[in-house]
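Me: I have a structure to go through and want to know what stands behind each term. Please set the values against the definitions.

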Amino acid sequence: MIVLKTARELGIMKQACAISARALKLIGEAVEPGVSTAELDRVAEAYIRSEGAVPNFKDYNGFPATACISINDQVIHGIPNKKTIINQGDIVSVDLGAMFEGYNGDNAATYACGDISPEAQRLIDTTRESLYEGIKKACVGNRIGDISEAVQRYVEARGYSVVRDYVGHGVGTSLHEAPEVPNYGVSGRGIRLVAGMTLAIEPMVNIGKHNVKVMPDGWTVLTADGSLSAHFEHTVAITSSGTQIMTIA
Ligand code: MG
């Protein structure tokens, strides 16, 4: 069931999303050679709690941390830990959210550690841009497939692949709600978008093939071919007066 949100609810959700966005930004600013993913996670958790919010990934299906931190060929769901150290040249995908007064925000971004290869930079830029291509299509009267196709078309035109095994989603009082928002598909298909929907749109893009595999830890998702992967996500609200990106710091 798709839950539509009232203007009052969107107001609260916007606060949850702003906290989520600031926590993400703080991690981005803390990415540097030598820092562990556990230290990055602590920065975000401390900030979210200082705002009276709750890190909503923590304990979600047993996930042990505030942020998913995934390096290089890791796509999503990397578990922060003291032994994983960020190195110069790495790309670091961070996904996190905050729950505030019962409503959830969810966002992600891929950060560069120092100087990265031109190919890695192009991947990051393409993934970020594909998110905005999808958001442009997230408006009243369009369908989910319009978002999906816009992302896929943009990514594949640049020679990359969109991950298919994981998708975007509705978000609200639950971190994951209906509908699913795939990053591949056909325009004109899928459910129609109406005012009051809140969606987490989140392209995951691989330089190589779209196939992924899960590490023995049961969480970390890697590209099957070892190619680099990037991930960007915003929570957006579809309203009759336009689509709002909620996860703005
Ligand atoms: Mg999400």
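Me: Which helices and strands each supply at least two residues of the lining of the second largest pocket?

Reply: They are α1, β7 (107-112) and α3 (118-136). Helices (H or I, at least four residues) and strands (E, at least two) are DSSP runs, numbered from the N terminus. The model is predicted: local features need pLDDT of at least 70, side-chain atom pairs count only at pLDDT 80 or more, and totals for chains, interfaces and linings use all residues. Residues are numbered from 1 along each chain as its sequence is written, and side-chain values use heavy atoms, with hydrogens and water left out.

Me: What makes a residue part of that lining, and how many are there?

Reply: A lining residue has an atom within 4 Å of a pocket point; the points lie on a 1 Å grid over the protein atoms alone, where a pocket is an open set with protein on both sides within 12 Å along at least five of seven lines. The second largest pocket has 16 such residues, and L24, A108, A109, Y111 and H234 lie nearest its centre. Five residues of the lining, the largest share, come from β7. Its volume is about 220 Å³, a volume being the space filled by probe spheres (1.4 Å probe) set on the points, with points joined across faces, edges and corners.

Me: What is the volume of the largest pocket, and which residues lie nearest its centre?

Reply: The volume is about 410 Å³. Of the 23 lining residues, Y60, H77, H169, H176 and E202 lie nearest the centre. Strand β10 gives the largest share, four residues.

Me: How is the lining of the largest pocket divided into nonpolar, polar and charged?

Reply: There are twelve nonpolar, six polar and five charged residues. Ala, Val, Leu, Ile, Met, Phe, Trp, Tyr, Cys and Pro count as nonpolar, Asp, Glu, Lys and Arg as charged, and the others, Gly among them, as polar.

Me: What makes D106, H169, E202 and E233 donors of the magnesium ion?

Reply: Donors are N, O and S atoms within 2.8 Å of the metal (3.2 Å for Na, K and Ca). D106 (OD), H169 (NE2), E202 (OE) and E233 (OE) coordinate the ion at 2.1 to 2.3 Å, so they count as donors under the 2.8 Å limit. Water is not among the atoms, so the site may look incomplete. Along the chain the spacing is D-x62-H-x32-E-x30-E. D106, in the loop between β6 (103-104) and β7, and E233, in the loop between β15 (229-231) and β16, are 127 residues apart.

Me: Why are β3 and β13 called edge strands?

Reply: Two strands pair if DSSP finds at least two bridges between them. The open sheet runs β3-β14-β13, with antiparallel pairing. β3 (74-76) and β13 (212-214) each have a single partner strand, so one side of each is left without a neighbour in the sheet. β13 and β14 (residues 221-223) share three bridges, so they meet the requirement of at least two. K213 has L222 as its bridge partner in β14.

Me: How do you know that α1 packs on the five-stranded sheet?

Reply: That open sheet has the order β10-β9-β11-β16-β17, paired antiparallel. Its edge strands are β10 (177-181) and β17 (242-245). Helix α1 (residues 7-30) touches β11, β16 and β17, where contact means heavy atoms within 4.5 Å. The direction of α1 makes about 165 degrees with that of β16; axes are lines fitted to C-alpha atoms, for helices over the stretch in contact, and angles run from 0 to 180 degrees between N-to-C directions.
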